[in-house]
Amino acid sequence: MKVVFAKGLLNALISILGASLIIFIISRLSGDPVSLMLPMDAPQSAIRALREELGLDRPMWEQYLIFLWKAVQGDFGQSYRWQVPALTLVFERLPATIALASAAFAFSLMLAIPLGVLSAVHRGSWIDQIGRVIAMLGQAVPSFWVGLILILVFAVELRWLPAFGAGGVQHVILPAIALGWYPVAAQTRIIRSGMLEVLESDYIRMGRAVGTPERLLIWKYAFRNALLPLVTIMGVYFASMLSGAFVVETVFAWPGLGRTVVEAVFSRDFPVVQAGVLITTILFVLSNFLVDLSYGLIDPRIRL
Amino acid sequence: MNAPLLRVENLQTHLHLRRGVVKAVDGISFEVHEGETLGIVGESGSGKTMTCLSILQLLPTHGGGKIDGSVELDGENLLDLSEDEMAERIRGPKVAMISQDPMTSLNPVYSVGDQVSGPFLYHKLVTTVRDAWAAAANGLRRVRIPSPERRLKNFPHQFSGGMRQRVVTAMAIACSPRLLIADEPTTALDVTIQVQIMALLRSIQKESRVGIILVTHDLSIVAGLCHRIAVMYAGRIIETGKVRDIYRNPQHPYTQALLEAIPHLGQKRTRLAAIPGQPPNLMDLPTGCRFAPRCPKRMSVCDEYPSATNVGDNHVVNCWLAAKH
Amino acid sequence: MSVTSAPAPVPAVATSGVSRFTSRLRLKGAPWVPLFILAMVLVAAIGGETLTPHDPNGLNLGAAFKPPFWQAGGTSEYLLGTDNLGRDVLSRIIAGARVSAIVSLYAIVFSGAIGTMLGIIAGYFGGIIDTIIVRIAEIKMAIPGLALALIFSATMDPGLSTVIIVIVLTYWTWYARIIRSEVLSLRERDYVAFAKVAGCGSLTIFFRHLLPNIFNTLVVLMTLQVGQVILFEASLSFLGLGIQAPDTSWGLMLADARQYITYAWWGITMPGIAIMLTCLSSNLTGDWLRDLLDPKRRQL
């Protein structure tokens, strides 16, 4: 287990480092990084100071090291729109995004688990068919459109829920559904096929042969085994959720990191974009790492 | 003679597949008495496992299986019962089963204690989980697993194959069933472990007078445990009798071939005797004797299915050769 | 089999990947509706302006906010209604199909080519080359898709070419990973080893033996990618970082219509349905092709 932990951590660090390199390269693509980092009407003195600071007259690899060094200290530059250090702003907005992504994830599991298990148990029946249709549709629509439709139906027409902002539980419902919709299809499919396989296994038959109640057999003994393949792809779908957060937060004016970064792109507030993307990446890599660790919790064969 | 514990009459299990109907079990009848072991012997595909599953009504859920006939346990026809009744009353307290592969018979993600204590709770032999685990420890002790209390917390992958089979046995006998079905319990195990498991079953039978159906393709292990044998071929029973009679005086050419095929020390032949040919396609069975195409003693009358002939003390065979004498 | 007996004859790999593909193609059970929809998108793409009932960019403020023809106030002149500037929604959808098709085409060709090339190199040569390529892919995948698109768009000017570049950067790993594992399993098979022994150069091996076998996989991947690309481009355009006016894109239409959601429901519904139908068709067709060409991957 310790080996798995160390290896995973090393991989995570390499990924984060590599991502920082990519981000750095992209930031130098336009040829003039200073114009990205400062507003157009900045005085010459500020421009010169920044050139000095970033080491723009030094070779590329040195610039990267400077970038890395500053990043480790938390210095991503100043958001000139908000007049605070970029990283501070990012950390301020991060919790809202994590809250939204968690709610979305919970929603997707709340839908996928019953759909997947019931589809498998009642294979071929109408439940199975409906599950398949929902799954199919889920993967064919962009999350922002789901958000727009939800707003149209629930906020505009029915007026049950608010269309934007954050404030109470009711504000997170629609965005969470919009964000969590996409992975439902794949999750349902994986749970379903996992369950189908497990339900025909010898140990389930053995359980049945000693009179285990069917409900216990399905939801306790079979389900846990079917979870394993699901956990494998959880990481991938968390990525799509972090990705989707950018658009969904924009649609619902959710005060999270996603919307902040999108706005920063338009207001040419590059330090914030840089910091935001890197933090999102780190979040993603760490969550994958945690998912890998959680295997041990579910499957005792991997423990110790 | 007292009434049999289990009486199977004309059991038929047909699997309705898209391609056709597989007659896995095609009209078999047999009895098992208390404290007695019946061995069901045959090749793969003969219907032995299907027979076991049919008694417990554990056919694969999406296989399109239909069971006909009667399976009377203590006078009650199990086939008349609903799935719920089977789960509540029958499976566990009355009938239990041990499968072939101990590696896959236990749930890998739950502890042994969780799985063995389960039946005690489901059938209300105890009221608390703690009592159930204590009963499970006793169960492990009964199947001769050392340090049972400690081992309850272990997981199946921490046990060897032979140990796992003991755990499975403990699960099966937890509620002291009247009938135990052992489907090739030692096929996947070492020869030395085989002997141990057989001994275990024998001692359990002595203690509790449980009736055992031992299913196997290996005639050499039958002698130690079984009192009587039924030989199955292509979904039907072709010979039954006491162990001694079958070994000493096999009547059906198939039984004879099976006995021939057992290698023993000191035999002069160097090549293993195998039965030439293949078993018939269960979707397309011949109307006559099903072994005839492979039978070395085949006659023209074998085109008609042989009726049962009594050749001795409860020794019955379906073969025209026996009928001739 | 004794050592002195002759080895089994090498199967003639002369059957090209294409003929193998067409021989497995069975028209029975084909998803007709999805194929039809995809064909329509293609037709719209090729036909362009000639097929639109009205000029997609034709402003006509007098006809603004007309609902679809089946609703009160709608006319059959503007079948799906008009937007805030009086532009015909149907015409704009057809024009948007054009953009979707073009973006898909370029994105798939480029990301497919790059990804496949890298996948083959990684899988075939193995060793350190493989490790490096896999590592690069892993690092790239650490950055969530849209995040990468955002930071890229922050430094480059938004537009069609930026969109394509971003999609290629995002999706090449898709191809690379799958093709790589295909090549890895192919490498173990007899005839490649035999060809090596017989003295075929690497390039020959590549073209005559590897390529035909991955052809089927490629076809499936490319079909499935159409839907993914459309979703991605729609998201980018919706944010304002993709296709820019005066070009039309379904995502852009949704962005424009968003502010009028309270009184023009068709503005945000119609383009979305177009996206959904196209993506659904791509997914269904891809699944059908996958079942047809590679039964191993069939899902229960």
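## Before we start

This is a predicted model, in which local features need pLDDT of at least 70 and side-chain atom pairs count only at pLDDT 80 or more, while totals for chains, interfaces and linings use all residues. Residues are numbered from 1 along each chain as its sequence is written, and chains are lettered from A and ligands numbered from 1 in the order in which they are written.

Helices (H or I, at least four residues) and strands (E, at least two) are DSSP runs, numbered from the N terminus. Two strands pair if DSSP finds at least two bridges between them.

Let's return to the opening pair. Strand S1 (residues 6–16) of chain B and strand S2 (residues 21–32) of chain B are antiparallel partners, paired over 9 bridges. A hairpin with 4 residues links S1(B) to S2(B).

S1(B) also pairs with strand S4 (residues 65–73) of chain B, where 8 bridges join the two in an antiparallel arrangement. Here B:Arg7 has B:Glu72 in S4(B) as its bridge partner.

## An open sheet in chain B

Chain B also has an open sheet of 8 strands, with mixed pairing and the order S6-S7-S8-S3-S9-S10-S12-S11. Strand S6 (95–98) and strand S11 (309–312) of chain B are at the edges with a single partner strand each, so one side of each has no neighbour in the sheet. On average, neighbouring strands of this sheet are turned by 20 degrees against each other, direction ignored. A handy general point: in a regular strand the side chains alternate between the two faces of the sheet.

Let's follow S10(B). Strand S9 (residues 228–233) and strand S10 (residues 236–242) of chain B run antiparallel and are joined by 6 bridges, with B:Ile237 in S10(B) as the bridge partner of B:Met232. The hairpin of S9(B) and S10(B) has 2 residues between the strands, and B:Ala234 takes a positive phi near 50 degrees in it. S10(B) is also joined to strand S12 (residues 315–317) of chain B, by 2 bridges and in the antiparallel sense; B:Glu239 has B:Val317 in S12(B) as its bridge partner. S10(B) is mostly covered, with 6 of its 7 residues buried. A residue is buried if 20 or more other C-beta atoms lie within 10 Å of its own, exposed if 12 or fewer, and partly exposed in between, with C-beta atoms placed from the backbone.

## A cysteine in a loop

B:Cys295 lies in the loop between helix H10 (253–261) and S11 of chain B. This cysteine, B:Cys295, counts as partly exposed because 19 C-beta neighbours are inside 10 Å. B:Pro276 is 19 residues away along the chain, and its C-alpha atom is 8.9 Å from that of B:Cys295.

## Two helices crossing in chain A

In chain A, H1(A) and helix H4 (residues 60–72) pack at an angle of about 120 degrees, with their axes 11 Å apart. That makes H1(A) oblique to H4(A). Axes are lines fitted to C-alpha atoms, for helices over the stretch in contact, and angles run from 0 to 180 degrees between N-to-C directions. Angles under 35 degrees count as roughly parallel, over 145 as roughly antiparallel, 65 to 115 as roughly perpendicular and the rest as oblique.

The residues making this contact are A:Ser20, A:Leu21 and A:Phe24 of H1(A), together with A:Tyr64, A:Phe67, A:Leu68 and A:Ala71 of H4(A). Two residues are in contact if their C-beta atoms, placed from the backbone, lie within 7 Å.

## How the chains meet

Of the 2 pairs of chains that touch, chains A and C have the most contacts. Chain B and chain C do not touch, and their nearest C-alpha atoms are 13 Å apart. The contact between chains A and C takes 44 residues from chain A and 38 residues from chain C. On the side of chain A that touches chain C, H1(A) gives the most, with 9 residues.

As for chain C, it has 10 helices and 0 strands. Buried residues make up 45% of the 300 residues in chain C.
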